[in-house]
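Here's a quick tour of a protein model, with the sequence and structure shown just below. Keep both in view as you read.

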Amino acid sequence: METTADAFGAGDAPVRARATDADWPARSFVADLAPAPRQTLLRLGTVRRYGPHEAIMLQGHLDNEVYLLAAGYVRVVGDTASGRTVLLALRTRGDLVGELAALDGGPRSASVLAATPVLAHSISRFEFLRFLRAHPEAAESVQRSVTRKLRMATRHRMETGSAPVLVRICGVLEGLVATHGRPTDEGVQLDVPLSQLDLAMLAGASLPSVQRAAADLRRRGILSTGYLRLVVRDVEALRALAQTAGEEN
């Protein structure tokens, strides 16, 4: 993290013409599906392309399409009552976004913005619900996916409310290792376009606090950073720090 403009992780992701039944991230929604409903799902909807920073959906809007991400990364952000924008999550290939509005018919609870070039299947609410009725096991996968997101949101809210900055950052990085980590000879590389500001927003911390915490993790040999690159060199040490409490940085 040499400058405030540095980004961590992958750069612009290659955009495929259409999602295929191969190489889905292990923890993604699509990977959780059995082969038959997976193939059916991949034939649904209209394939759309989005450029970096382009809005896929906006908080408060009443549209109710579901988006299956086929390539690229998106940021899920929300606006607070005070007008502050908060980064809630990062999603990538194989993930669903927008399913809550399709399930309950309510307004969008957050905005989804392309972080890199993105390819997504835009699936109408009618088509998505018909798919779930025809494939009950897929409906169970949706339930598991929503539950995981709720658990992560609950943990995030608890940690950002009370834990020291270093602990919060380690918790964020631990979650990213689980969802976006790729083993390498040096450790686990995070294949995600993560800026310092993104990390600060995810941890509910100031940018200077994130810079100090990252420097501390580098000194401990836990983290290696560079332009468009972040590697967790010692996952166990990171996990241990994420579970500790101490003095605020």
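How many salt bridges does a search of the whole structure find? It turns up nine, where a salt bridge means a side-chain nitrogen of Lys or Arg within 4 Å of a carboxyl oxygen of Asp or Glu. Bear in mind that this is a predicted model, where local features need pLDDT of at least 70 and side-chain atom pairs count only at pLDDT 80 or more, while totals for chains, interfaces and linings use all residues. Residues are numbered from 1 along each chain as its sequence is written, and side-chain values use heavy atoms, with hydrogens and water left out.

**Salt bridges**

- R144 pairs up with D32, their closest N and O atoms being 2.9 Å apart.
- R144 lies in helix α4 and D32 in the loop between β1 and α1, so this pair ties together parts 112 residues apart in sequence (helices, H or I, at least four residues, and strands, E, at least two, are DSSP runs numbered from the N terminus).
- R239 forms a salt bridge with E174 at 3.3 Å between the closest N and O atoms.
- R239 is partly exposed at 28% relative accessible area, whereas E174 counts as buried at 15% (buried is under 20%, exposed over 50%, partly exposed in between, with a 1.4 Å probe and protein chains only).
- Shared partners join E174, E236 and R239 into one salt-bridge network.

**Nonpolar cores**

- The largest nonpolar core has 33 residues (a core is a set of buried Ala, Val, Leu, Ile, Met, Phe, Trp, Tyr and Cys residues joined through side-chain atoms within 4.5 Å).
- Its largest share, eight residues, comes from α5.
- A second, separate core of 17 residues includes V66, L96, I123 and F128.
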